Amino acid sequence: MIRNFIKTTLRNLLKNKAFTAINILGLALGLATCLLIVFYVSDELSFDKFNRNFDRIYRADEEVKYNGDLSEDAVCPAPLAATLAAQFPEIAGTVRFRQAGNFQVRKGTQDIHEDQVTYCDNSVFKVFTLPMIDGNPNTALSDPNSVVITESMAKKYFNRINVVGQTLTFNDNKPFKVTGVIKDIPQQSHFRFDFFLSMPTLNESRENSWLSSNFQTYLLLKPGTTPAKISAALPKIVHDNVGAQLEAALHTSFSNFEKSGNRFKMMLTPLGDIHLRSNKIAEMGPNGNIQYVYIFSAIALFILLIACVNFMNLSTARSAGRAREVGVRKVLGSPRQYLIIQFLTESVMVTFAAALIAIVAAYALLPLFNQLSGKELVITPHLLIVFVPVLFVAVLVIGCLAGSYPAIFLSAFRPVQVLKGKLAGGFGNSFLRSFLVVFQFAISIFLIIGTLVIYNQLKYIQNKDLGYNRSQVLTVYNVSALGQRSALFKQQVKQLPGVSDATLTGFVPVNGWRSNGSVFKDRGMNARQGTLTQLWDVDQDYIPTLDMKLLTGRNFSDQMPTDSSAMIVNESAARLLGLTDPVNKNLYRPLDDYGKNFKTFHVIGVIKDFNFSSLRDNIGPLILMYQPNNAELSVKIKTSDATRTIGQLKNIWNELAPAQQFSYAFMNEDFDHLYQAEQRMGTLSFIFTSLAVIIACLGLFGLAAYAAEQRTKEIGIRKVLGAKVSTIVSMLSIDFIKLVAIAIVLAAPPAWWAMQHWLQGFAYRQDVPWWSVAFAAVSTIVIAFGTISFQSVKAALTNPVKSLRSE
């Protein structure tokens, strides 16, 4: 019986090659797209799950609101970890990280730039699953000036793995003893450091400062415990420790501090929420976004539904062609359940063939998909063990779902009516089929509008006046490696004919460097007279190099010694400090956490607000100070021959530091990196939307073909009676165009609402443009009409003699 089902199925599929090809191609495209999206989503959801204690690890975060400025940070004070461990026996371990920034690591005579460097406690190997290949995890980071490196770094610097006892030289000839080698940290980790420096090396780690937050702090809870008790105790810990130092510094009680609308809070974030649900200051790496996981999951489901709807539509549209077969089978005694099994077998076999093509296509397209998505997805044996059974079940489910309605519909034909030729055919008499076409195109229109809005917002970001000019600005990294020669480097660079200006500082709007601090209007450090602000060390060439606008006052000058205590504030800082005329006013910056020591500064200018953070955030207070900082050199190039100027820069660098690595990037590239997630989402959305439209049009193409086939005699009669080709094309197309128009009306409102909600994530944004809906509507109608017209024109041009000769 089963062999008969399969043989009959193959005969039917081969008999209708066009129908079979359209169905298999549509399902294959849908399944291949779903597979790639499933790979992406599963990778995003698997972050940090390689840790054995994944569900028991929490990070302590901090939220500070001070005089209207809100800061949400992934860092906490240094003493917090020890305080929590001492008070709560439920905590099995704690570990702190202190990001070290950029380091130069010596290899032979060359210094190599490394940026994945951190200080951390030795307990990191207890809290996180970081298998050690060589060394003792219990003591590896217990002593000062010790370092644990990854397997890749061991091979890079020593060409072998067993390197415990060797020495690595870091910045300024600081030797660190290698005390351990761990396996490379998996890609699915929210931090991926290569060098772990021992925390005892860092004096800051032993300070009892509760007002300085620089340490990412993680807790490992004991099995069977929940974080509720610890979370409930955090306000008291803040009050007893932070509050005490805050009161000493601000000369006001912590309760008055909170009554003024300020707050200082700490909370726990589960490890599983960090990658997709956390976007705080001082994250240890670029995180994902749970919204994008939801969006791509929905797109995968929509595309699969469109492909399944194609199958259902085409199968039911062919009902007239299969009606006699069903009638004969029923007359010969075939029960309805056998007919249902027959049609479901056809559906499953088509789905199985489509799945095979989809697997091959997904495997072939995976490298391209990795490039577009920024992932490093690979198909491993472990993945196949899980994936193959799931795919097999999915093929059965999709095959049965896609074939269920056609099977039930076709098997319900009454043999008497069928064999007498009374079965109605045509496109317009099936409400469900019309509904499914509307559903298909509504999804496609929704996706088109979404993609257009994403691209419109990205274009707005690219073209928005940010308050500074990043065009033709090149940033040379790791200038601090030059030491005292960094000023000479800047001086020689400024003399190049292709350079208009250069500024020496690590604080540029696009690189993520931040430095929080407090400033006050009075010596008494009154809490109501201060604000939490960004404090950036810059030189006198900073403002002209980045083409910023000075609203009032003057710029820094190396000819004025008093500028070492000068400040230039932005509009937001002036507003939050209540300074209507800031120039020549004094501001006070505390030098400790107790308010006993401070430095007096005088304001010499006000700079126009500029976006120094992502456009997702409002512009906050920022103060420029005339202080040395030689981390990077930003160079304004005035010539179109950038390649020549870069070569000259490299020559100067090599003369001053032949052992140092020369690395650079244009500021536009660093700016684009801030919105890399949105750009990737826009690209992938465009591709997936295009595939959805193609799949929908494949179904429409097939439906148009069968609609034309069923009306062959009608078309012949109309042509004999003098109907024009345009009239026949219009007749065949109007029903489909009506359905597409209905889809536009149904899809536009939810698409507008969804994209308006997505745009709320940007502080600076454009509303959903009206033309995105209009363009989606017009383009969909044009594409649909073009798809239908091919079959309509073909039918209209057919010689009526051929269609009427049997009459």
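Reader: Is valine 360 buried or exposed?
Author: Happy to start there, and please keep in mind that this is a predicted model. Valine 360 sits in helix H11, residues 336-373. Its relative accessible area is 58%.

Reader: How far is valine 360 from alanine 32 in space, C-alpha to C-alpha?
Author: In sequence, the two residues are 328 residues apart. In space, the C-alpha to C-alpha distance between valine 360 and alanine 32 is 8.4 Å.

Reader: What does H11 span between its end C-alpha atoms?
Author: A straight helix of 38 residues would span 56 Å at 1.5 Å a residue. H11 also has a kink of about 50° at leucine 366, shortly before proline 367. Between its end C-alpha atoms, H11 spans only 48 Å.

Reader: Which residue just after H11 takes a positive phi?
Author: H11 covers residues 336-373. The phi just after the helix is about 75°, and it belongs to glycine 374.

Reader: Where does H6 bend?
Author: H6 runs over residues 228-250 and reaches 31 Å from its first C-alpha to its last, close to the 33 Å expected for its 23 residues. Its buried residues include Val242, Gly243 and Gln245. The bend in H6 is about 40°, and its place is glycine 243.

Reader: Which residue with a positive phi follows H6?
Author: Most residues other than glycine have a negative phi. Here the phi is positive, near 60°, and the residue that follows H6 is histidine 251.

Reader: Is H14 parallel, antiparallel, perpendicular or oblique to H23?
Author: Two packed helices are described by the angle between their axes and the distance between the axes. The axes of H14 (residues 431-463) and H23 (residues 770-796) come within 9 Å and cross at roughly 135°. That angle makes H14 oblique to H23.

Reader: Which residues of H23 does H14 meet?
Author: H14 passes H23 in a right-handed crossing. From H14, the residues involved are Phe441, Ile445, Ile448, Ile449, Leu452, Val453 and Asn456. On H23 they meet Trp771, Ser772, Val773, Phe775, Ala776, Ser779, Thr780 and Ala784.

Reader: How is H22 oriented to H23, roughly parallel or roughly antiparallel?
Author: H22 (residues 725-759) and H23 pack with their axes 9 Å apart, at an angle of about 150°. Angles over 145 degrees fall in the class that applies here, so H22 is roughly antiparallel to H23. The contact includes Val725, Ile728 and Phe736 of H22, and Val773, Thr780 and Ala784 of H23. To restate the orientation, H22 to H23 is roughly antiparallel.

Reader: Which residues of H18 make the contact with H15?
Author: H15 (residues 486-494) and H18 (residues 642-656) pack at about 150° with axes 10 Å apart. This makes H15 roughly antiparallel to H18. Leu488, Phe489, Gln492 and Val493 of H15 make the contact with H18 residues Leu649, Ile652, Trp653 and Leu656.

Reader: What separates the C-alpha atoms of leucine 656 and leucine 482?
Author: Along the chain, these two leucines are 174 residues apart. Their C-alpha atoms are separated by 7.5 Å.

Reader: How accessible is glutamine 472?
Author: Glutamine 472 lies in the loop between H14 and strand E15. Its phi is near 60°, a positive value in a residue other than glycine. Glutamine 472 counts as partly exposed, because its relative accessibility is 31%.

Reader: Is asparagine 584 buried or exposed?
Author: Asparagine 584 lies in the loop between helix H17 and strand E21. It has a positive phi of about 75° although it is not a glycine. With a relative accessible area of 67%, asparagine 584 is exposed.

Reader: To finish with the whole protein, what percentage of its residues count as buried?
Author: The secondary structure comes to 24 helices and 25 strands. Among contacts with a separation of 6 or more, residues 24 or more positions apart account for 79%. Of the 807 residues, the share that counts as buried is 52%.

Note on methods: Residues are numbered from 1 along each chain as its sequence is written. This is a predicted model: local features need pLDDT of at least 70, side-chain atom pairs count only at pLDDT 80 or more; totals for chains, interfaces and linings use all residues. Side-chain values use heavy atoms; hydrogens and water are left out. Helices (H or I, at least four residues) and strands (E, at least two) are DSSP runs, numbered from the N terminus. Buried means under 20% relative accessible area, exposed over 50%, partly exposed in between (1.4 Å probe, protein chains only). The expected span of a helix is 1.5 Å times one less than its number of residues. The bend at a residue is the angle between axes fitted to the seven residues ending there and the seven starting there. Axes are lines fitted to C-alpha atoms, for helices over the stretch in contact, and angles run from 0 to 180 degrees between N-to-C directions. Angles under 35 degrees count as roughly parallel, over 145 as roughly antiparallel, 65 to 115 as roughly perpendicular and the rest as oblique. A crossing is left-handed if the near helix is turned anticlockwise from the far one by less than a right angle, and right-handed if clockwise. Contact means heavy atoms within 4.5 Å.
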